[in-house]
Amino acid sequence: MSLKFASARLPYEILLSILWTLTLKEAARTSLLSKRWKHLWRYYPVLKFKDSAAMKRMSDFTGPIVEGKSKFVAHVNHALKQHIGLAIDEFSVVFDLDNSNKSHIDKWVLFAFEKHVKRIKLNLEPPWVPAKLLEWYNHLKMRFSERVHYTLPCMKSSHNLASLRSLCLRNVNISSDEVQLFLQSCRLLKFLCVAS
């Protein structure tokens, strides 16, 4: 029995449970299977964005840094534009971004809260730099010292935070008042990590 024929008989709930076992990239590829699968990936509840290959090229200085960041931002924007689910379980961004990307990251964070996200991870640390390039990298950082950690947007409504269970922020500016807001508003919060 072919997969196409078998999936024609399965309820959407079962198809979605199959989809949830895949990565976002694999889930998007299922859209080629049949008409029933075409848009299912757009309900995917786990949105993880990480490009280790681009980070490696940036840390080895073998790839253009600005172009690498622009491609990553465009990829995340495109994926979020395609998403049509009502809720997401997890939203994660692991990439070298800073306050110069604030308008995009703000939209991503607000998108996640509007979808009643349960777990958020923002790791915006720069790539690991090999020891032989560290001196050169430090010189580069001094020349471009305007790099500023991304600042989390002010949450206007605490009801969007109600579903949050885990919050992990690295290289993200957050005030003690905002941390207090999360602790007061997120009654289900079990894990909080803030590191610079």
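**A buried aromatic ring and its surroundings**

Modeller: Phe113 has a relative accessibility of 3% and therefore counts as buried; that word means under 20% relative accessible area, while exposed means over 50% and partly exposed lies in between (1.4 Å probe, protein chains only). The model is predicted, so local features need pLDDT of at least 70 and side-chain atom pairs count only at pLDDT 80 or more, whereas totals for chains, interfaces and linings use all residues. Residues are numbered from 1 along each chain as its sequence is written, and side-chain values use heavy atoms, with hydrogens and water left out.

Rings of Phe, Tyr and Trp (its six-membered ring) pair if their centres lie within 6.5 Å; planes under 30 degrees apart are called stacked, over 60 edge-to-face, and the rest tilted. This rule gives three aromatic pairs. One of them joins Phe113 and Phe182: it is tilted, with 6.2 Å from centre to centre and 35° between the planes. Phe113 belongs to helix α6 and Phe182 to helix α8 (residues 176-185), so this pair ties together parts that are 69 residues apart in sequence. Helices (H or I, at least four residues) and strands (E, at least two) are DSSP runs, numbered from the N terminus.

Phe182 is buried as well, at 2% relative accessibility. In α8 the buried residues are Glu178, Phe182 and Ser185. They lie on the same side of α8, because they cover an arc of only 85° around the axis, where the arc is that of the directions from the helix axis to the C-beta atoms. An α-helix has 3.6 residues a turn, so residues three or four places apart point the same way. On the face of α8 turned away from this buried side are the exposed residues Ser176 and Asp177. The buried residues of α8 pack against α6 and β5, contact meaning heavy atoms within 4.5 Å.

Helix α6 also holds Trp108, which is buried with a relative accessible area of 1%. Leaving aside residues up to four places away in sequence, Trp108 touches Phe72, Val73, Val76, Asn77, Leu80, Phe91, Val93 and Leu97.

Five of the five residues of β2 are buried. Strands pair if DSSP finds at least two bridges between them. β2 runs parallel to β1, over five bridges, and Val93 is the bridge partner of Phe49. Five bridges also join β2 to β3, again in parallel, with Val94 opposite Asn123. Together, β2, α6 and β3 form a right-handed β-α-β unit: with the strands pointing away from the viewer, the path from the first strand over the helix to the second runs clockwise.
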